[in-house]
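Please consult the sequence and the structure while reading.

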Protein chains: 2
Amino acid sequence: MKIEFKVLKFIRKYNMYSPGDRVLLGVSGGRDSMVMLDIMDKLKDILKIEIGVAHFNHSLRKEADSEEDFVKSEVLKRKITFYSKKEDVKNYAKTHKIGIEEAARTLRYNYFREILKKEKYNKIAIAHYSRDLSETVVYRLIKGTGIYGIGGLLPINENVTRPILILNFENLEKYVTINNVNYVIDQSNFDTKYTRNKIRHKILPYFKEINEEYENAIFRFAEITWEYRNFVENIFNSRVEIKENIYILSLENDFIDNEILRLIFLKLNKLPPSKEETEKLLKMKSKGKRKINGLIIIKNKDKLEISKEVNSLGGK
Amino acid sequence: MKIEFKVLKFIRKYNMYSPGDRVLLGVSGGRDSMVMLDIMDKLKDILKIEIGVAHFNHSLRKEADSEEDFVKSEVLKRKITFYSKKEDVKNYAKTHKIGIEEAARTLRYNYFREILKKEKYNKIAIAHYSRDLSETVVYRLIKGTGIYGIGGLLPINENVTRPILILNFENLEKYVTINNVNYVIDQSNFDTKYTRNKIRHKILPYFKEINEEYENAIFRFAEITWEYRNFVENIFNSRVEIKENIYILSLENDFIDNEILRLIFLKLNKLPPSKEETEKLLKMKSKGKRKINGLIIIKNKDKLEISKEVNSLGGK
């Protein structure tokens with residue numbers, strides 16, 4: 001199958017875009033984002049969507065400005081609207097006391113959301129592909145996760161879409177060769193002091209030795225976990241009632257109780273409790289009450305009532 | 001918590017043994033199996049079980065016979081019944097055209113089952129620990145698996161139990177030091193031409209660099225998948241009717257349909273279909289019929305009827 005049709009089929013399977021959507025592509029100028037740009041440019045009429053490109057200049061390397069020029073010329077060549085912004089990521093990281101990677105991601109996404117609002121785009125497209133998905137699965141497995149979380153990078157998550165997530169390394173290499181796609185090489189990707197690069201350059205090459213097709217294998221595994229997420233979300237809707245910011249979970253004493261409880265934490269932007277803590281919460285006696293990770297959980301007969309802890313210093 | 005109590009709690013959580021059980025421990029003489037022997041010897045009275053030890057001599061290395069002698073003396077020292085058998089694994093692998101590892105496992109388990117029957121044991125105990133579980137999870141992830149399969153090594157699977165699965169590398173090292181447990185070192189474990197050893201010696205050390213506690217993180221992830229397995233098994237019992245060797249699955253058009261369909265293949269000892277094939281089977285029109293991996297699947301209104309393909313050469 002032609003690579004662009006593989007992407008089209010994937011976009012349709014996950015209903016990523018609807019006719020009339022205005023999709024902003026995040027393009028760094030690296031191979032992956034240039035492939036996404038080239039494919040989305042070909043598919044935009046079939047999908048009846050409009051596309052624009054945003055480039056965020058991190059000012060992290062001396063090549064940053066020439067890369068911006070490169071992306072700009074590639075985008076304008078294709079008669080696509082181009083946006084860019086330059087910011088000092090290092091400085092932001094320093095003042096906010098966070099890592100460079102995190103600072104870069106925060107500023108980049110802030111910028112994308114800013115254009116979304118100002119220029120009336122309704123979706124963002126990010127050029128993650130299946131090796132990035134493998135990295136995320138492995139990263140979460142190492143750090144600790146559940147079935148719900150391991151699938152990490154989703155094809156569509158609110159307004160963030162990942163149209164080329166289904167492509168593997170070989171697909172990308174083949175595509176740039178066949179279609180003469182130009183791109184820049186980001187040297188910082190090879191620095192293995194970053195955890196992600198360690199997974200990419202130290203761990204995944206062994207995965208490939210063991211199974212040449214490992215990216216596809218992990219992609220299929222992740223797809224099953226995405227379906228599982230949907231399944232849990234549907235049960236969430238049938239078991240949980242939200243009343244005045246209190247989540248009321250009707251317990252059915254099955255495995256899914258655990259999953260829904262953890263999901264409620266996520267929906268309230270709180271860290272989900274560990275497996276042991278979750279079990280303790282579910283086993284509370286009626287009238288039992290616990291505080292954990294900023295939430296208050298009260299057992300009321302066969303229901304759990306979950307709400308945000310109100311700061312007791314706040315008055316009434 | 002004392003390490004032996006961690007094991008006791010784990011054994012109880014998964015109802016591994018009942019009073020009166022006769023448990024046969026597979027002991028190679030390596031660190032892990034010697035720890036299991038030492039702990040089970042301490043716990044046997046609390047659990048009200050009897051234990052015996054089986055050692056299988058693979059005749060693979062020149063040290064094999066002295067290792068057998070070592071295990072025998074350690075077992076007899078503890079006044080536990082000892083069984084052993086010596087077989088030529090290399091020769092068996094050659095005549096059956098299979099790998100050494102597979103031949104070793106087949107012959108070893110055959111031997112354990114033989115003693116089980118002859119000497120009236122009803123459970124086998126294997127000394128897998130949480131790094132082995134991590135290896136299995138990673139191995140399956142690389143080769144391709146679903147949520148159901150990724151948790152790999154189960155605490156209890158039919159009559160095979162894994163009492164020390166909850167222990168991690170540090171627990172084992174600490175236990176042998178504190179308790180002066182003797183053991184032999186198996187050099188073949190370091191040969192990275194075997195996939196398992198590649199995962200152990202090349203991949204997992206990077207996992208540890210990223211998260212010192214990765215074995216515990218993967219253990220907890222696996223535990224969630226075990227609960228998920230139980231959940232699916234319970235739904236299996238409510239949705240599947242077995243009539244004259246035909247599995248009749250009542251479809252509910254949810255994610256669990258896929259999982260149950262794949263589980264039916266496993267229960268009939270057939271390779272489960274891929275995600276794509278599973279979806280095709282579920283989407284068949286009424287009266288639709290397909291053959292796949294040795295099974296016949298017929299759609300009958302909102303039911304799937306699954307049965308083994310009868311060899312057409314075999315007559316009626």
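Q: Which domains does the domain assignment give for chain A?
A: The model is a predicted one. For chain A, the assignment places one domain at residues 244–314 and another at residues 3–220. The names are therefore domain 1 (3–220) and domain 2 (244–314).

Q: What distance separates the centres of domain 1 and domain 2 of chain A?
A: The centres are taken over C-alpha atoms. Along its principal axes, the C-alpha trace of chain A spans about 65 × 45 × 45 Å. Between the centres of the two domains of chain A the separation is 35 Å.

Q: How many helices and how many strands are there in chain A?
A: Chain A has 316 residues, of which 53% count as buried. Among its contacts between residues at least 6 apart in sequence, 66% join residues at least 24 apart. The count for chain A is 12 helices and 11 strands.

Q: How far apart do the centres of the positive and negative side chains of chain A lie?
A: Chain A carries 59 positive side chains and 45 negative ones.

Q: Through what do the copies meet?
A: Of the interface residues of chain A, 100% are also interface residues in chain B. The copies therefore meet through the same surface.

Q: Is B:I203 buried or exposed?
A: B:I203 is found in helix α9 (residues 195–210) of chain B. It touches A:I203, A:Y206, A:F207 and A:I210 of chain A, together with B:I142 and B:K198, not counting residues up to four places away in sequence. Because its relative accessibility is 0%, B:I203 counts as buried.

Q: Against which helices do the buried residues of α1(B) pack?
A: Helix α1 of chain B covers residues 3–13, and its buried residues include B:I3, B:V7, B:L8 and B:F10. After α1(B) comes B:N15, with a positive phi near 45°. The packing partners of the buried residues of α1(B) in chain B are α2 (31–47), α8 (169–178) and α10 (214–239).

Q: What is the relative accessible area of A:K85?
A: A:K85 is found in strand β3 (residues 81–86) of chain A. Not counting residues up to four places away in sequence, A:K85 touches A:H55, A:F56, A:N57, A:Y111 and A:E114. A:K85 is partly exposed, and its relative accessible area is 26%.

Q: Near what value is phi of A:K97?
A: Most residues other than glycine have a negative phi. A:K97 lies in the loop between α4 (89–96) and α5 (100–118) of chain A, and it counts as exposed at 78% relative accessibility. Its phi is positive, near 55°.

Q: Where is A:K287 found?
A: Phi of A:K287 is also positive, near 80°. With a relative accessible area of 68%, A:K287 is exposed. A:K287 is found in chain A, in the loop between α12 (275–282) and β9 (289–292).

Q: How far apart in space are A:K270 and A:I292?
A: A:K270 lies in the loop between α11 (255–267) and α12 of chain A, and it is partly exposed, with a relative accessible area of 27%. Residues that A:K270 touches include A:F265, A:N293, A:G294, A:L295 and A:K308. In sequence A:K270 and A:I292 are 22 residues apart, and in space, C-alpha to C-alpha, their separation is 9.5 Å.

Notes:
Residues numbered from 1 in each chain as written. Chains lettered and ligands numbered in written order. Predicted model: local features only at pLDDT ≥ 70, side-chain atom pairs only at ≥ 80, totals over all residues. Heavy atoms only, no water. Contact = heavy atoms within 4.5 Å. Helix = DSSP H or I, 4+ residues; strand = E, 2+ residues; numbered from the N terminus. Buried < 20%, exposed > 50% of the residue type's maximum accessible area, 1.4 Å probe, protein only. Lys, Arg positive; Asp, Glu negative; His and termini not counted. Charge placed at Lys NZ, Arg CZ, Asp CG, Glu CD.
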